[in-house]
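Keep the sequence and the model in view as you read.

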Amino acid sequence: MRRLISGSLALAATVLTAHGAFAQGAPFDEGTFVVTRDGTIIGKEAFRILRSSGRGQLYTSTAQCAFGDRRISPTLSADGAGLPLLYQVEVKNGGDVEERLRATGRPGRLYSVL
C-alpha cells in the first residue's frame, strides 16, 4: 500500500512540476488511467489539476484511485514553481479509513501534521 501512496504522490508531483473533492480554479489538466496486470484491469485513477491565481499561481492536483475495495484520495497543492505547499492522502478499505496523512510544505521541506 505504501507503494500506491508513493506512486500517487510521485505522479502528482511530476505532473505539477512539468506544468477528496476537487479544488476551485481553472482546469489545467485531467485524465484517467486504467491499471492492468497481465492484461487484466485491476484499478483506475482519475486525476485533475486546477490552476488558480491570487498572490501568484497555485496548482492543486487531486486524484481518486480505486483498486478493488481500496480507495486512495491524494491531494497536492504547489506554488507556480512546483514547490509543495500541502499534501493530503486518505486511504479507505471498504468504508473504513486505514490511513490519513496531511503535510505542509516550506521551501526544501515537507512537514507532517498530526
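Partly exposed means a relative accessible area between the cut-offs for buried, under 20%, and exposed, over 50%, with a 1.4 Å probe and protein chains only. At 30% relative accessibility, Lys-92 falls in that partly exposed class. This is a predicted model, in which local features need pLDDT of at least 70, side-chain atom pairs count only at pLDDT 80 or more, and totals for chains, interfaces and linings use all residues. Residues are numbered from 1 along each chain as its sequence is written, and side-chain values use heavy atoms, with hydrogens and water left out.

**Salt bridges**

- Side chains of opposite charge can pair when their charged atoms come close.
- The structure has 4 salt bridges, each a side-chain nitrogen of Lys or Arg within 4 Å of a carboxyl oxygen of Asp or Glu.
- One of them joins Arg-70 to Glu-98, with 2.9 Å between the closest N and O atoms.
- That pair links distant parts of the chain, 28 residues apart: Arg-70 sits in strand E4 (residues 70–79) and Glu-98 in strand E6 (residues 96–106).
- Strands (E, at least two residues) and helices (H or I, at least four) are DSSP runs, numbered from the N terminus.
- Glu-98 is partly exposed, at 36% relative accessible area.

- Glu-90 forms a salt bridge with Lys-92, where the closest N and O atoms are 3.8 Å apart.
- Glu-90 also forms a salt bridge with Arg-100, and here the closest N and O atoms are 2.7 Å apart.
- Arg-100 belongs to strand E6 and Glu-90 to strand E5 (residues 84–93), so this pair ties together parts 10 residues apart in sequence.
- Arg-100 is exposed, with a relative accessible area of 62%.
- Through shared partners, the salt bridges join Glu-90, Lys-92 and Arg-100 into one network.

**Aromatic pairs**

- A pair of aromatic rings is described by the distance of the centres and the angle of the planes.
- Rings of Phe, Tyr and Trp (its six-membered ring) pair if their centres lie within 6.5 Å; planes under 30 degrees apart are stacked, over 60 edge-to-face, and the rest tilted.
- The count by this rule is 2 aromatic pairs.
- Phe-28 and Tyr-59 are edge-to-face, because their ring centres are 5.2 Å apart and their planes stand at 70°.
- Phe-28 is in strand E1 (residues 26–37) and Tyr-59 in strand E3 (residues 57–67), so the pair ties together parts 31 residues apart in sequence.
- Phe-28 is partly exposed at 25% relative accessible area, whereas Tyr-59 is buried at 6%.
- Phe-33 and Phe-47 are stacked, because their centres are 5.6 Å apart and their planes are at 20°.
- Phe-33 lies in strand E1 and Phe-47 in strand E2 (residues 40–53), 14 residues apart.
- Phe-33 is partly exposed, at 38%, while Phe-47 is buried, at 12%.

**Nonpolar core**

- A nonpolar core is a set of buried Ala, Val, Leu, Ile, Met, Phe, Trp, Tyr and Cys residues joined through side-chain atoms within 4.5 Å.
- The largest such core has 10 residues, including Phe-47, Tyr-59, Cys-65, Ile-72 and Val-89.
- E2, E3, E4 and E5 each supply at least two residues of this core.

**An exposed loop residue**

- Asp-38 is in the loop between E1 and E2.
- The phi angle of Asp-38 is near 55°, a positive value in a residue other than glycine.
- Asp-38 is exposed, with 78% relative accessible area.
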